[in-house]
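Let's walk through this fold together, one packing contact at a time.

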Amino acid sequence: MSSALLDGDIVVYRAATAVQRKLDWGDGETTITASPDQAIDLAVELVESWSAKVKATSIIICMGHARNFRRTLMPSYKTNRPLEKPLAYARVVDFLKATYQCRQIPRSEEHTSELQSRFGI
């Protein structure tokens, strides 16, 4: 029996970002739109394909937290990213938590690294 431990933050961000579209109305006005259903479908596709690659019999999706040691060392860490999460972000998180076995990485002084650091990526 093998388990796939997946970085849920990467799954959610990739899926939610991939379906987001910016509509330019030509008059200086723009609208950002996204389909939560498409984002969820893409998240499932990522989870299932990554798990299949390692022939996993179970899937555990690990979700991170906002506090990590990199922000302590360099406050400007990730400041190049938009302040707002992609539109479908929360819906994808909710779906993954309702559908798969998810684990929140605990917040403590000893555990402030990001998921990819803890996974050894």
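Before we start, one convention on handedness: a crossing is left-handed if the near helix is turned anticlockwise from the far one by less than a right angle, and right-handed if clockwise. Helices here are DSSP runs of H or I of at least four residues and strands are runs of E of at least two, numbered from the N terminus. What you're looking at is a predicted model, where local features need pLDDT of at least 70 and side-chain atom pairs count only at pLDDT 80 or more, while totals for chains, interfaces and linings use all residues. Residues are numbered from 1 along each chain as its sequence is written, and side-chain values use heavy atoms, with hydrogens and water left out.

Now the overview. The protein has 5 helices and 5 strands, and from the N terminus they come in the order β-α-β-β-α-β-α-α-β-α. Of its 121 residues, 31% are buried, where buried means under 20% relative accessible area, exposed means over 50%, and partly exposed lies in between (1.4 Å probe, protein chains only). Contact means heavy atoms within 4.5 Å. Among contacts in the protein with a separation of 6 or more, 78% are between residues 24 or more positions apart.

Let's get to the helices. Two packed helices are described by the angle between their axes and the distance between the axes. The axes are lines fitted to C-alpha atoms, for helices over the stretch in contact, and the angles run from 0 to 180 degrees between N-to-C directions. Angles under 35 degrees count as roughly parallel, over 145 as roughly antiparallel, 65 to 115 as roughly perpendicular, and the rest as oblique.

Start with helix 1 and helix 2, which pack at an angle of about 140 degrees with their axes 8 Å apart. That angle makes helix 1 oblique to helix 2. Helix 1 passes helix 2 in a right-handed crossing. Helix 1 brings Ile10, Val11, Arg14, Ala15, Ala16 and Ala18 to the contact, and helix 2 answers with Ala39, Leu42, Ala43, Leu46, Val47 and Trp50. By class, this contact of helix 1 with helix 2 has 11 nonpolar, no polar and 1 charged residues; Ala, Val, Leu, Ile, Met, Phe, Trp, Tyr, Cys and Pro count as nonpolar, Asp, Glu, Lys and Arg as charged, and the others, Gly among them, as polar.

Next, bring in helix 4. The axes of helix 1 and helix 4 come within 9 Å and cross at roughly 135 degrees, so these two helices are oblique to each other. Their crossing is right-handed. Here Asp9, Val11, Val12, Tyr13 and Ala16 of helix 1 touch Tyr89, Val92, Val93 and Leu96 of helix 4. The residues of this contact divide into 8 nonpolar, no polar and 1 charged.

That leaves helix 2 against helix 4, whose axes come within 9 Å and cross at roughly 50 degrees. That makes helix 2 oblique to helix 4, and helix 2 passes helix 4 in a right-handed crossing. Pro36, Asp37, Ala39, Ile40, Ala43, Val44 and Val47 in helix 2 meet Arg91, Val92, Phe95 and Leu96 in helix 4. The contact of helix 2 with helix 4 divides into 9 nonpolar, no polar and 2 charged residues.

Which residues of helix 4 are buried? In helix 4 (residues 89–99), they are Tyr89, Val92, Val93 and Leu96. Seen down the helix axis, these buried residues fall within an arc of 100 degrees (taken from the directions from the axis to the C-beta atoms), so they line one face of helix 4. An α-helix has 3.6 residues a turn, so residues three or four places apart point the same way. The face turned away from the buried side of helix 4 carries the exposed residues Asp94 and Ala98. The buried residues of helix 4 pack against helix 1 (8–18), helix 2 (36–53), strand 4 (58–63) and strand 5 (101–104).

Zoom in on Ala43 in helix 2. Ala43 counts as buried because its relative accessibility is 0%. Leaving aside neighbours within four places in sequence, Ala43 is in contact with Val11, Ala15, Val92 and Leu96.
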